[in-house]
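Grab a pencil and have a go at these exercises. Each one comes with a solution worked through in steps.

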Amino acid sequence: MTDQTVTSDSGSAKSAEQSSEFAASRLAGGDGRDAILEVENLRMYFPVKSSGVIRRTVGHVQAVDGVSFQVPAGGALGLVGESGCGKSTTGRLITRLYQPTGGKIMFEGKDIAGLSPKKLMPLRRDIQMIFQDPYTSLNPRHTVGAIVGAPLLIHNVVPKKKVLPRVQELLEVVGLNPEHYNRYPNEFSGGQRQRIGIARALTLQPKLLVADEPVSALDVSIQAQVVNLLQDLQREFDISFLFIAHDLAVVRHFCPEVAVMYLGKIVEIADRETLYNHPQHPYTQALLSAVPDVKQAAIGGRRERIRLEGDVPSPINPPSGCRFRTRCPLAQEICAKQEPPLLQIGERHKVACHFAGEIGQHPTKPVTARLLGIDDQGNPDPGATPDPNAVEQPGFADTWYDVQGGHLGAKA
Amino acid sequence: MTVPVTELESHVTAPPGEEPDDSGVQKVAGRSPTQLALARFRKDKLSMAAFCVVALYVATALVAPILVKTGVLDPLTLHQDLLDVNMGGIPKGSFGGISADHWLGVEPGTGRDVLSRLVYGITWSLFIALSATFVAMGIGTVLGIISGFSGGFTDSVIGRAIDLTLSFPSTMMLLALSGVAVAFMTGTLQVPAGDVANALYVILVLGFFGWPGIARIVRGQVLSIREREFVDAARLLGASRGRLYFKEILPNLWAPLLVYFTLMMPAFISAEAALSYLQVGVKPPTPTLGNILTDSINYSVADFVFFFTPAFLIMIIVVSFNLLGDGLRDALDPKTHR
């Protein structure tokens with residue numbers, strides 16, 4: 001790190017105006033609280049089998065391919081991206097509904113990626129999930145009491161006589177009538193059903209809740225109620241959230257930190273103010289430009305909409321180099337040759353792009369070339385040495401690379 | 001392995017305490033899917049009639065042994081005096097010897113009371129059909145759930161086992177094995193010889209060759225149920241396989257199972273009759289609908305009443321069970337229309 005110069009954050013004005021909000025979002029790092037969940041290079045490849053009697057594996061769907069992030073204790077990380085980008089798979093890997101192909105899932109410092117079902121059993125109490133569809137996530141043949149009480153019976157945590165009082169208490173917590181424990185799910189509305197699902201997830205007092213699109217199946221008016229309920233619960237019970245959604249507005253409301261996924265990889269991860277106001281990755285920018293903006297509409301005129309060409313490539317055979325290059329307006333030669341690392345470019349901001357920059361201010365030369373030891377076309381540069389620190393880490397480091405300054409450096 | 005949920009389920013019957021109790025106003029009480037289906041079923045007059053007939057048969061089957069014990073029914077006593085020896089043992093009097101003592105006449109050749117034999121025969125026939133249905137459905141349901149839920153290699157193995165069972169020449173096999181198997185049961189397994197061993201053989205054979213159909217239906221249902229999120233939710237809680245199979249999935253299967261049950265029963269009642277004709281199963285003098293019918297075939301012209309009554313009873317019960325099954329299917333799955 002000899003050639004790195006000490007630079008100040010070029011967006012100092014920006015960070016000053018947001019410093020108060022930063023403080024809230026930095027709960028995890030700044031507050032001295034550790035990350036409850038640390039995911040490192042998580043991979044999930046689903047085999048694609050040929051038809052016929054002998055079903056050979058002919059390929060793999062690379063649903064999640066090397067994802068790293070942290071969920072701070074008591075915090076919330078949002079995971080956004082379009083359909084099929086691997087965000088739900090990530091959630092199901094963390095809850096260990098799937099066995100990951102590779103990588104680490106450190107929960108409270110313990111790797112749970114390879115644990116057997118038996119050894120996972122005690123951890124099931126700590127990691128629970130809220131499901132997307134309230135119409136299929138509740139067994140139609142069980143009463144609400146049986147559904148919410150099932151975790152207690154499976155884990156044998158309370159004597160059987162105490163189950164019903166606990167169930168009623170939980171129903172009250174999520175805002176349902178505790179007398180309705182003997183009703184069936186079909187007697188409830190979508191929002192009420194989702195509350196039952198939340199009550200079930202809360203039954204064992206989890207430390208981490210994976211919310212897999214918890215509100216996307218609900219009416220907009222109900223969405224707000226459920227999101228607010230989740231926020232109240234987070235505060236009351238000190239639960240950490242991994243909040244998976246495709247609704248950027250909901251994520252913005254709920255999550256101090258947001259990660260954007262594209263085709264099985266995280267392309268940008270930042271605290272919400274930075275991500276929503278100063279996105280650096282062209283995909284994030286395109287995604288955000290698709291969100292209708294009421295304020296813009298009020299003053300007349302619409303924000304420039306970035307239209308992406310083409311479809312998402314197949315995850316069975318993803319593009320070489322940067323996965324977004326086939327649809328990226330900035331793509332150059334280097335993008336096909338070299339995969340951009342998820343580089344930390346701000347205090348709590350990482351982006352995976354050779355040409356990271358704000359809209360209209362993208363650099364013309366790849367900012368990552370020297371770090372990776374390659375020239376501007378992506379060919380190996382014998383004169384340069386790759387920076388060993390340019391490897392993806394789950395959390396945020398104290399030093400980061402200043403891209404806007406035009407040179408790479410680190411701030412101590 | 002499973003912690004019973006009955007603790008909670010038992011409260012289902014408890015009256016909901018918070019309902020606004022305006023007398024005179026119809027309470028909008030919550031209804032389970034079962035209650036909704038029952039309400040639909042009750043509206044279907046034909047199915048209700050079929051249900052009543054089936055209920056009548058079941059009631060007859062239940063009281064017949066008591067009536068036999070108390071002497072009201074007497075299926076075994078021979079009444080040689082009521083037979084016309086000159087006519088080759090045909091009952092005296094018209095219509096097979098119908099009289100105040102013998103409402104449906106007496107059996108040609110032996111003079112046993114036909115009504116008593118038919119009533120007691122219903123008991124045996126329903127008992128055999130019901131037991132065989134339970135055996136078939138038990139095997140079929142468990143294997144179907146495992147096959148559908150596990151998928152992969154297990155699924156293939158069970159699938160091939162189904163193919164194998166279906167392609168087996170079962171009728172030939174059960175005829176050929178009849179003597180050996182009954183001897184094995186009475187000898188090695190210490191099963192009481194006679195009616196019990198014969199009935200058990202029929203039950204096991206029918207049950208064993210009857211499971212593939214139900215296994216396929218269950219597997220198909222499980223394939224769709226296992227993709228629903230409540231199964232994931234249970235797995236997430238660390239539910240055991242037993243709990244997943246029998247607490248989460250099985251309750252969602254009971255509609256097709258019930259329908260299949262009502263379609264399997266008549267098939268087995270007919271099968272028992274057919275096997276009786278082939279001299280397999282419970283043998284006279286113990287009556288079953290099947291062996292009474294077999295006996296009566298020789299008298300189809302000479303004593304029409306004796307020939308007609310067992311055939312008629314079998315027809316009625318088979319048709320009723322089938323109609324009941326159709327009605328249940330319509331009631332349980334409101335999306336299908338006739």
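**Exercise 1.** Work out how much of residues 304-325 of chain B is helix, and how far apart the end C-alpha atoms are.

*Solution.* Start with the secondary structure: the stretch is 100% helix and 0% strand. Helices here are DSSP runs of H or I with at least four residues, strands are E runs of at least two, and both are numbered from the N terminus. Next, the ends: their C-alpha atoms sit 32 Å apart. Finally, the record: UniProt, in an unreviewed entry, lists 304-325 of chain B among its "transmembrane region" features, an annotation that may be inferred rather than shown by experiment.

A quick note on the model: it's predicted, so local features need pLDDT of at least 70 and side-chain atom pairs pLDDT 80 or more, while totals for chains, interfaces and linings use all residues. Residues count from 1 along each chain as its sequence is written, and chains are lettered from A and ligands numbered from 1 in the order written.

**Exercise 2.** Describe how helix 5 of chain B and helix 7 of chain B pack.

*Solution.* First, the geometry: helix 5 (residues 152-167) of chain B meets helix 7 (residues 195-225) of chain B at about 135°, with axes 9 Å apart. Axes are lines fitted to C-alpha atoms over the stretch in contact, and angles run from 0 to 180 degrees between N-to-C directions.

Then the contact (C-beta atoms, placed from the backbone, within 7 Å): I162(B), T165(B) and L166(B) of helix 5 face F209(B), P212(B), A215(B) and R216(B) of helix 7.

How values were computed. Two residues are in contact if their C-beta atoms, placed from the backbone, lie within 7 Å.
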